[in-house]
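Visitor: I have a model open and I'd like to learn how to read it. Could we go through it feature by feature?

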Amino acid sequence: MLRNRVIPTLLLKGKGLVKTTKFKNPVYIGDPINAVRIFNVKEVDELILLDITATIERREPNFEKIREIVSEAFMPIGYGGGIKTLDEIEKLFRVGIEKVIINSALFSNPEVAKDAAKTFGNQSIVLAIDVKKDFWGNYKLFSNSGKNKQNILIADHIKKNIDNGCGEIFLNNIDRDGTMIGYDVELIERYSRIIDVPLIVAGGAGNLHHFAEAIKAGADAIAAGSMFVFQGIHRAVLLNYPKYSDLEKIINEVL
Amino acid sequence: MITIIDVGMANLGSITNMINRLGFKSEISNDISKIKLAKSIILPGVGSFDRAICNLKNLHLIEPLKKKILLDKIPILGICLGMQLLTKKSEEGKEEGLNIIDAKVVKFNFTDITNLKIPHMGWNLVEQKKKHILFDDMFQNPRFYFAHSYHVICNEKENIITTTNYGYDFVSSFAKENVMGVQFHPEKSHKYGMKLLKNFTENF
């Protein structure tokens with residue numbers, strides 16, 4: 001029976017990988033090609049690779065680098081960062097990316113999701129939702145790596161983009177990013193109800209029990225950064241991934 | 001040399017990456033003259049059924065492909081939508097399939113199960129119904145990556161090699177003589193998929 005996917009998220013900044021906290025303070029953690037090789041050996045379910053400066057620097061994805069990174073990875077890889085056009089999406093699929101993850105471009109050009117879904121299928125277009133709570137405790141939507149607040153209702157934005165053909169949602173709480181204190185269960189519960197496509201959640205994972213909480217709240221897939229790249233209280237860099245049997249055990253307990 | 005048919009909408013990078021890793025040569029092509037010379041074919045595909053069939057039509061590839069498969073008996077492996085294209089028809093579209101395997105394609109339909117999402121996306125197991133060279137010396141409990149909303153129903157049950165359970169059992173791979181199809185993505189399924197592609201490239 002299908003098991004919930006568990007997905008390491010890798011953040012690309014320039015030529016190296018970093019890990020952020022609340023989308024800030026990027027700490028260098030190593031070489032992306034090496035990291036993907038390690039996760040390949042560990043047989044991870046899937047990988048997410050996000051270029052966190054592409055949109056801010058107003059440039060397209062670094063196709064050559066991406067090609068190099070994915071050439072020896074034999075699992076599905078989702079890529080996000082700087083994607084604006086159908087042409088770029090096609091190029092990403094040609095170098096071996098399985099899914100494209102889009103946030104910022106959908107505010108200026110929502111049609112790009114529609115066009116891409118028509119050509120490549122809904123399953124390959126992922127809508128990224130970055131949220132933060134405001135002073136009054138309301139969830140607000142952000143684009144451009146957490147820099148621009150978008151004054152649109154999150155639920156409306158999700159519904160519109162699913163209608164346009166986004167076949168998966170990547171829901172991230174910026175305030176939990178890198179904290180390892182657990183996922184925002186309230187956020188997941190609230191939005192999983194209106195999401196009828198697969199939902200990947202991110203932000204806050206610190207241990208396997210956090211996975212169980214998120215799945216109970218309605219997540220179909222679990223993404224984590226810090227947990228898979230750091231070890232111990234001093235956050236020493238050590239790429240790791242739970243054993244398949246441990247994941248099966250914790251996830252089966254939820255079901 | 002394995003010829004990977006470029007229907008213009010598939011993730012070809014990961015297939016060539018894996019075949020390279022296995023030490024085999026492949027070419028990506030939608031050129032009739034190259035396809036006429038092909039020794040073995042992989043038909044990949046993502047996206048919609050009609051779009052894929054129309055692309056094959058526009059490239060004038062339907063007849064050459066059918067001739068290679070049905071008359072020359074060239075081995076072919078359809079992957080995901082590529083598997084579905086080998087059947088007669090799909091609920092997803094109006095276009096006729098390649099009609100090489102006596103089967104049809106339907107959408108997942110969960111009448112009394114409400115919590116399963118479509119597409120079926122992620123890793124799942126296969127249950128082998130019949131011995132087949134694609135699964136020879138396979139690792140224990142093989143798991144494969146799936147991403148699809150439609151699945152194949154075989155009219156000739158003897159063509160079913162594996163089934164997979166998602167709400168109910170569906171056909172996750174079929175084979176008839178030189179024609180093979182897998183609903184999952186071997187090119188993204190770690191050592192399990194690599195073994196399957198190795199079996200295909202070495203034996204066909």
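Visitor: Let me start with one residue: does Phe107(A) count as buried, partly exposed or exposed, and how many C-beta neighbours does it have inside 10 Å?

Guide: A quick note before that: this is a predicted model, where local features need pLDDT of at least 70, side-chain atom pairs count only at pLDDT 80 or more, and totals for chains, interfaces and linings use all residues. Residues are numbered from 1 along each chain as its sequence is written, while chains are lettered from A and ligands numbered from 1 in the order in which they are written. As for burial, a residue is buried if 20 or more other C-beta atoms (placed from the backbone) lie within 10 Å of its own, exposed if 12 or fewer, and partly exposed in between. Phe107(A) has 14 such neighbours, so it counts as partly exposed.

Visitor: Where does Phe107(A) sit, and which residues does it touch?

Guide: Phe107(A) belongs to helix 4 (residues 105-108) of chain A; helices (H or I, at least four residues) and strands (E, at least two) are DSSP runs, numbered from the N terminus. Two residues are in contact if their C-beta atoms, placed from the backbone, lie within 7 Å. Leaving aside residues up to four places away in sequence, Phe107(A) touches Ser143(A) and Gln150(A). Gln150(A) is 43 residues from Phe107(A) in sequence, yet their C-alpha atoms are 8.4 Å apart in space.

Visitor: And on the other chain, which residues does Pro64(B) touch?

Guide: With the same exclusion of residues up to four places away, Pro64(B) touches Ile32(B), Ile35(B) and Lys36(B). Pro64(B) and Ile35(B) are 29 residues apart in sequence and 7.5 Å apart, C-alpha to C-alpha. You'll find Pro64(B) in helix 4 (residues 62-71) of chain B, and 16 other C-beta atoms within 10 Å make Pro64(B) partly exposed.

Visitor: On to helix packing. At what angle do helix 3 and helix 5 of chain A cross?

Guide: Two packed helices are described by the angle between their axes and the distance between the axes. The axes are lines fitted to C-alpha atoms, for helices over the stretch in contact, with angles from 0 to 180 degrees between N-to-C directions. For helix 3 (residues 86-95) and helix 5 (residues 111-120) of chain A, the axes come within 10 Å and cross at roughly 40°. Angles under 35 degrees count as roughly parallel, over 145 as roughly antiparallel, 65 to 115 as roughly perpendicular and the rest as oblique. Helix 3 and helix 5 of chain A are therefore oblique to each other. Leu86(A), Ile89(A) and Phe93(A) in helix 3 meet Val112(A), Asp115(A), Ala116(A) and Phe120(A) in helix 5 of chain A.

Visitor: How do helix 2 and helix 3 of chain A cross?

Guide: Their axes come within 9 Å and cross at roughly 30°. That makes helix 2 of chain A roughly parallel to helix 3 of chain A. Phe63(A), Ile66(A), Arg67(A) and Val70(A) of helix 2 make the contact with Lys91(A), Leu92(A) and Val95(A) of helix 3 in chain A.

Visitor: How about strands: which way do strand 5 and strand 6 of chain B run?

Guide: Two strands pair if DSSP finds at least two bridges between them. Strand 5 (residues 89-90) and strand 6 (residues 103-107) of chain B run parallel, joined by two bridges. Ser90(B) has Val105(B) as its bridge partner in strand 6 of chain B. Strand 6 of chain B is also joined by five bridges to strand 10 (residues 150-154) of chain B, and these run antiparallel. There, Val105(B) is partnered with Val152(B).

Visitor: Last one: how many residues does each chain bring to the contact between them?

Guide: Chain B brings 26 residues and chain A brings 26 residues. On the side of chain B that touches chain A, helix 1 of chain B gives the most, with six residues.
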